[in-house]
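Dear colleague,

Please find below the structure that I am handing over to you. My notes on what was found follow directly after it.

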Amino acid sequence: MNGPEVSSRDSSPSAEADGVVMRVEGIRKSFPGVVALNGVSFDLCAGEVHALCGENGAGESTLMKILAGSQAPDAGVLLFKGRPAVLSSPLEAKEKGILLIHQEISLVPELSVAENLFLGSLPLLSFGQVDRKTLLRRAQEVLESNDVGVSPNAIAGELSIAKRQMVEIARASAFQCEVVIFDEPTASLTETEAEALFETIQRLRHQGVAIAYISHKIKEIFRVSDRVTVLRDGEVRGTLRTRGTNEDEVTRLMIGRTRTAISIVRSDALGPRCCVLKTYPFPVSRGM
Ligand SMILES: Nc1ncnc2c1ncn2[C@@H]1O[C@H](COP(=O)(O)OP(=O)(O)OP(=O)(O)O)[C@@H](O)[C@H]1O
Ligand SMILES: [Mg+2]
């Protein structure tokens with residue numbers, strides 16, 4: 001494995017030792033014919049948004065699935081609050097306070113918002129029936145405190161993607177999650193919805209939640225994150241303080257060079273059948 005191309009400038013784990021909630025070290029994960037992660041180390045601190053970016057297939061989603069217990073690494077160590085942890089399922093991760101919010105929203109579409117919010121811990125009456133009054137009251141409290149303008153009685157499957165995402169995030173705060181992982185959360189959102197999401201992320205951050213944020217959109221990374229780690233071909237190419245870097249540097253780490261545009265320019269001086277190839281460096285921000 002090659003070492004990172006950029007050192008973790010003033011962002012080494014020791015600099016934030018007190019706030020590190022979750023850390024992986026030397027993670028390896030292969031699928032048939034592809035090494036998805038090759039010796040990856042990455043950490044998440046309380047009250048911080050740590051962005052993870054890379055080109056398609058660089059390994060971000062695989063790393064996040066390992067952090068959220070939906071995939072097991074082939075090798076490496078996972079530490080949760082300083083202790084080695086084995087997360088054998090997303091449920092086990094959720095019980096520890098680690099929640100992955102991915103593009104395919106995991107709410108049960110047929111159930112109400114209230115039922116989705118408290119799925120797995122529904123308040124029950126003494127004879128085993130759901131205590132609907134308590135459920136609705138607690139759901140209303142959670143929705144209000146997270147500014148989700150949705151009725152607890154609404155059916156999840158009838159909400160827009162943005163609203164469903166907000167309900168999922170509200171669920172994270174209902175369960176007092178300590179780690180929330182967002183995998184390309186704005187992919188299906190409008191600009192206004194994305195802005196609302198950024199505000200929610202900032203609120204979680206101020207509550208001390210450790211947030212991982214995967215995005216290909218460089219502008220978004222600079223909008224929401226405190227640190228950014230760049231993956232390329234399953235390896236960490238750098239971990240940087242977002243305020244101390246710029247789009248060009250992150251792009252260069254993502255693609256391994258400054259991307260160039262090539263244009264063909266006719267040069268009359270060279271005659272009608274000769275052309276000159278010109279290259280122009282430009283930053284890449286996929287999807288923006
Ligand atoms: N379940 C799987 N089976 C086989 N190969 C997989 C599996 N999951 C991921 N891969 C491969 O591992 C590599 C990393 O995939 P991963 O989804 O982590 O990348 P990514 O950076 O999140 O990609 P994208 O930008 O497309 O979301 C890719 O080559 C992918 O094809
Ligand atoms: Mg992905």
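Helices (H or I, at least four residues) and strands (E, at least two) are DSSP runs, numbered from the N terminus, and two strands pair if DSSP finds at least two bridges between them. The model is predicted: local features need pLDDT of at least 70, side-chain atom pairs count only at pLDDT 80 or more, and totals for chains, interfaces and linings use all residues. Residues are numbered from 1 along each chain as its sequence is written, while chains are lettered from A and ligands numbered from 1 in the order in which they are written.

I begin with the strands. Strand 4 (residues 75-80) and strand 5 (residues 83-84) run antiparallel and are joined by two bridges. Phe 80 has Arg 83 in strand 5 as its bridge partner. These strands form a hairpin with two residues between them, and Lys 81 in the turn has a positive phi of about 50 degrees. Strand 4 is also joined to strand 1 (residues 20-31), antiparallel, by five bridges; there, Glu 25 is partnered by Val 77 of strand 4.

A second hairpin is made by strand 9 and strand 10, with two residues between them and a positive phi of about 50 degrees at Asp 233 in the turn. Strand 9 (residues 227-232) pairs with strand 10 in the antiparallel sense over six bridges, and Leu 231 stands opposite Val 236. In strand 10 (residues 235-241), six of the seven residues are buried, that is, 20 or more other C-beta atoms, placed from the backbone, lie within 10 Å of their own.

Which residues surround ligand 1? They are Phe 31, Val 34, Ala 36, Gly 54, Asn 56, Gly 57, Ala 58, Gly 59, Glu 60, Ser 61 and Thr 62, where a residue counts as near if its C-beta atom, placed from the backbone, lies within 6 Å. Helix 1 gives the most to this shell, with three residues.

Yours sincerely

Conventions:
A residue is buried if 20 or more other C-beta atoms lie within 10 Å of its own, exposed if 12 or fewer, and partly exposed in between; C-beta atoms are placed from the backbone.
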